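Reader: Please show me the model, and then let me ask what stands behind each term you use.

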Amino acid sequence: MANLRISIIGAGSAVFSMRIVSDLCKMPKLSGTEVVLMDIDEERLENFLVLARELTEFFGANLKFEKTLSLRKAIEGADFVINTALAGGHEYLNKVRAIGEKYGYYRGIDAQNYNFVTDYLNLTNWNQMTLFLKIANLIKELAPNAWYLQAANPVLEGTTLVSTETGIKMVGFCHGHFSVETLAELVGVKDYEWQVAGVNHGIWLTKFESRDGKNLYEELVKYADKPHKPSTPFDDQLSPVAWDMYRTYGLFPIGDTVRNSTWKYHRNLETKKRWYGEPWGGADSELGWEWYVSQLNAVVNMIELFAKAVKNGQKLTNAKDVVLNAIPHASEEWKNLIADLLDPSKLSREQHVPFIDSVVNSERRRFVVNVLNNGKIKGLDDDIAVEVCAYVEGEKFEFEEVSLPKRVLEWYLKPRTLLAKQALEVFKTKNLKLLEDILERDPRTKSSEQVRKVIDELYPIMLKEQKKVEEQE
Ligand code: NAD
């Protein structure tokens with residue numbers, strides 16, 4: 001028995017938490033683990049607790065659950081702290097985006113070169129950065145040997161901030177690299193070697209080979225510019241943007257990297273539609289994001305109905321049918337998600353639980369991790385978080401050698417990491433002249449008055465939301 005204590009901060013982020021608990025149920029060596037569920041939303045927390053217990057019973061697993069509204073209580077004595085919270089929620093993201101748009105900044109002031117992902121705010125998310133630091137400092141005080149696993153965005157800035165400011169044991173995780181599979185399917189290979197490297201939401205396919213050493217890029221390019229009709233706003237791995245970025249930078253962009261390049265693809269809805277495809281123009285257009293939020297809302301409804309059915313004495317498998325019948329508009333993806341959660345042979349593929357198992361039980365596995373660079377990618381600063389492949393066994397990380405072309409380094413990763421450092425300096429110093437300076441370089445800025453007005457309106461809101469997190473128990 002592992003006798004671990006794992007805390008999930010933002011446990012009401014139901015899909016993510018269900019995946020984590022379902023994975024824990026399927027890992028026999030983590031049997032006996034205590035899971036502490038922490039959130040500021042009592043109702044979401046209670047719903048999730050009911051489901052987590054039922055899921056555990058369904059698998060006949062041995063997990064114990066506690067719920068708390070207190071960060072301090074959640075972190076005390078933890079071995080692993082997983083953070084998936086979104087301070088201020090989607091409401092806050094919408095609010096700051098709307099203010100940006102009011103002053104002429106389409107999709108908000110955080111939408112910048114190499115950073116267009118809609119729930120990845122790095123300039124206005126002082127509440128989220130404050131929460132990251134608060135959690136990390138509590139770990140330092142109350143659980144100094146614990147690992148901090150970062151799921152919440154912005155992962156690049158968050159991992160950099162926490163690692164440089166506190167030095168606690170930390171890894172950031174993202175699932176962007178799954179999209180390598182889309183390329184493998186395209187070229188018709190099942191067994192292949194791959195590697196990605198870069199920064200979060202800015203990773204590049206540095207190796208794509210068959211087992212006998214054939215470079216699969218040669219196969220890939222045969223499909224260049226194949227007509228693309230996205231099935232969802234997130235279906236962009238083979239969009240014209242991906243091929244265009246490949247031509248510009250010399251390597252294939254993977255996962256959310258395709259959402260993050262220059263203004264060329266993001267100027268307005270029409271431009272986005274041209275590059276990411278009709279009808280949405282990608283995940284980060286107003287239409288694509290509306291689609292995503294409606295999916296998230298469907299999931300919140302689904303979880304509520306699920307919890308209600310279980311509280312009324314239904315078993316999970318019956319409750320599943322009750323829920324799916326009640327939400328006919330839930331997409332196939334969500335229906336499959338429920339089926340996978342209940343399938344004893346399938347892990348969710350989130351890296352957090354396998355990582356915990358590798359650390360605790362010395363099970364050697366390969367991960368894609370976000371950690372401070374310290375020489376892993378030559379040419380980038382040491383004190384910035386990079387996303388690279390590593391084998392983990394116990395607390396030992398064996399990082400793979402990385403070789404990135406100069407074009408990717410100089411034209412993509414350096415400007416992106418510079419923006420991350422600038423955003424963090426603004427957050428740490430609260431020097432608004434620096435924020436002005438970032439906006440003065442923004443192609444949407446037409447006058448200094450526009451810059452001052454947008455900052456004047458955003459600043460008190462950013463401070464107020466930061467204070468709420470500072471005062472959180
Ligand atoms: P959400 O708003 O639906 O859920 C987040 C949860 O955090 C909510 O239950 C909320 O009550 C809780 N919360 C808010 N403030 C809190 C606080 N101060 N303390 C504790 N809990 C708090 O958001 P979501 O869509 O589930 O996204 C959550 C985060 O995960 C976002 O940052 C998102 O960008 C990120 N994300 C990461 C990945 C990845 O692979 N790394 C993938 C998807 C989403």
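**Terms and values**

Author: Strand 10 (365-372) gives the largest share of the lining of the second largest pocket, namely four residues. The model is a predicted one, in which local features need pLDDT of at least 70 and side-chain atom pairs count only at pLDDT 80 or more, whereas totals for chains, interfaces and linings use all residues. Residues are numbered from 1 along each chain as its sequence is written, and side-chain values use heavy atoms, with hydrogens and water left out.

Reader: What makes a space a pocket, and which residues count as its lining?

Author: On a 1 Å grid over the protein atoms alone, a pocket is an open set of points with protein on both sides within 12 Å along at least five of seven lines, while a cavity is a set where a 1.4 Å probe fits but cannot get out; a lining residue has an atom within 4 Å of a point. By that rule the second largest pocket is lined by 15 residues, of which His177, Phe178, Trp194, Arg349 and Arg366 lie nearest its centre. Its volume, about 340 Å³, is the space filled by probe spheres set on the points, which are joined across faces, edges and corners.

Reader: What is the make-up of the lining of the second largest cavity?

Author: Its residues divide into 10 nonpolar, no polar and no charged, where Ala, Val, Leu, Ile, Met, Phe, Trp, Tyr, Cys and Pro count as nonpolar, Asp, Glu, Lys and Arg as charged, and the others, Gly among them, as polar. Met302, Ile303, Leu337, Ile338 and Leu341 lie nearest the centre of this cavity, and helix 11 (286-311) gives the most to its lining, with four residues. The helices (H or I, at least four residues) and strands (E, at least two) are DSSP runs, numbered from the N terminus. The lining of the largest cavity, by contrast, divides into six nonpolar, three polar and five charged residues.
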